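Have the model open as you read.

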Amino acid sequence: MKEIGIALLGLGNVGLGTYRILANHAKDIERRLGARVRVRHVLVRNAGKARSEDVPSSLITHDMKAILADPDVSVVVELMGGLSPSREYLEQAIASGRHVVTANKALLSAHGESLFSQALARGVDVHFEGAVCGGIPIIRTLREALASDRVESLTGIVNGTTNFILSAMADEGATYADALRRAQELGYAEADPTLDVSGMDAAQKLCLLASLAFSARVAPESILVEGITSLTPTDISYGREAGYVLKLLAQARRSSEGLDVRVHPAFIPAASPLADVRSAFNAVLLQSAALGASLYSGRGAGDMPTGSAVVSDIIDTCRNLLAGVSGRLPLPVAPNVQDVPLLSSGERRGPTYLRFSVSDEPGVLGRIASVLGEKGVSINSVLQRPPRPQDTHATIVVFTHDTREADVLAAVTWIDSLRSTRAPTQLIRIEEGPGVLLGGR
């Protein structure tokens, strides 16, 4: 039976999960592929470190040159993470004519177009299903299953850490700090969770999805990105009273003026299928012209879910090798992606949740309503709660009608400057359209 040699770069959680799937499912892979996939090398940073007994020590190396010198290595699988030396290793692999598989969304977000261009020029493939949403086949869906369709919008919960934290805050009333601590204890959050809780991890993933869905060149630094660190169980409770669930959403929508691409917390209707995505699970809701609404959900992270996506990419790459073809799937690189206008976040129109912390004195609600009205912000409903004995202020919650975001922000800036305002206003956007409801219900 024909044998295809591969090299794994990295033996962390995903690297070990990938190796175990290749080993444990070897016979199934051989039957489906018609060839044997053999791991010939496993590159690690510290070759002397104790390793899992699953991986023979004879495979371990810290020398990339030895991998590139092996003529039987046809596919290089990068699972190290980070920007360096991952980028250099992939560039070397591509230059040597090896096909590449990676799960590194940070690298692809920062340098993907350059890597894709090099691969295109060299005539090799790059697969990256594991870079977004773990084992959910969302990359393959956009590149293949919906190749004949026109995606109008995508809305996703694409970061398991933040979804776990928000689920704990909603279900148990946990504070942000307590929920984060538990996520770290369970391995859902890193010791430094900044990339996740700031929304930047979701932004990197969203930009990859947007490049495929809309053939658009989008960078995280060019879009609105807000995290979850300011959210409280109080906000989640007020939203629940109004029939909403709070999620960190990654959204991209097509319009006649350009693309609206952003990451931020948002209230969504409890009837939305995304509202039921809990704990560390991920989901992406697509709206396309021919298919309509379609939902893709599952485990968004972890060694085995992500490893499963990586192995699927390895199998696809090996199929191309056996067929003697490359470039079967277009890469998100010019002319397949183009610069498109991005809409200003201030031009978004939609309802908004506003929580004001104010002095408990007559006329405060009237002043707030007056400012909102002067800025063109129409009030839909108001919740007013008297201060509790332990509180130093009163709370007023306003749900607005559809309003231009720039007008809401102008009103909030004015209200926050009033003498009666005791803390910065909490602003959370509300998403109610077809982008979060199956079938546009």
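1. What covers the buried residues of α8? The cover includes α7 (160-172) and α9 (194-197). This is a predicted model, where local features need pLDDT of at least 70, side-chain atom pairs count only at pLDDT 80 or more, and totals for chains, interfaces and linings use all residues. Residues are numbered from 1 along each chain as its sequence is written, and side-chain values use heavy atoms, with hydrogens and water left out.

2. Helix α8 spans residues 176-185, and its buried residues are Tyr-176, Ala-179, Leu-180 and Ala-183. These residues sit on the same side of α8 because they cover an arc of only 100° around the axis. (Buried means under 20% relative accessible area, exposed over 50%, partly exposed in between, with a 1.4 Å probe and protein chains only; the arc is that of the directions from the helix axis to the C-beta atoms; helices, H or I of at least four residues, and strands, E of at least two, are DSSP runs numbered from the N terminus.)

3. Now look at Phe-164 in helix α7 and Tyr-188 in the loop between α8 and α9, 24 residues apart. Their ring centres are 4.9 Å apart and their planes at 40°, so the pair is tilted. (Rings of Phe, Tyr and Trp, the last by its six-membered ring, pair if their centres lie within 6.5 Å; planes under 30 degrees apart count as stacked, over 60 as edge-to-face and the rest as tilted.) Phe-164 is buried at 9% relative accessibility, whereas Tyr-188 is partly exposed at 35%.

Terms used:
Contact means heavy atoms within 4.5 Å.
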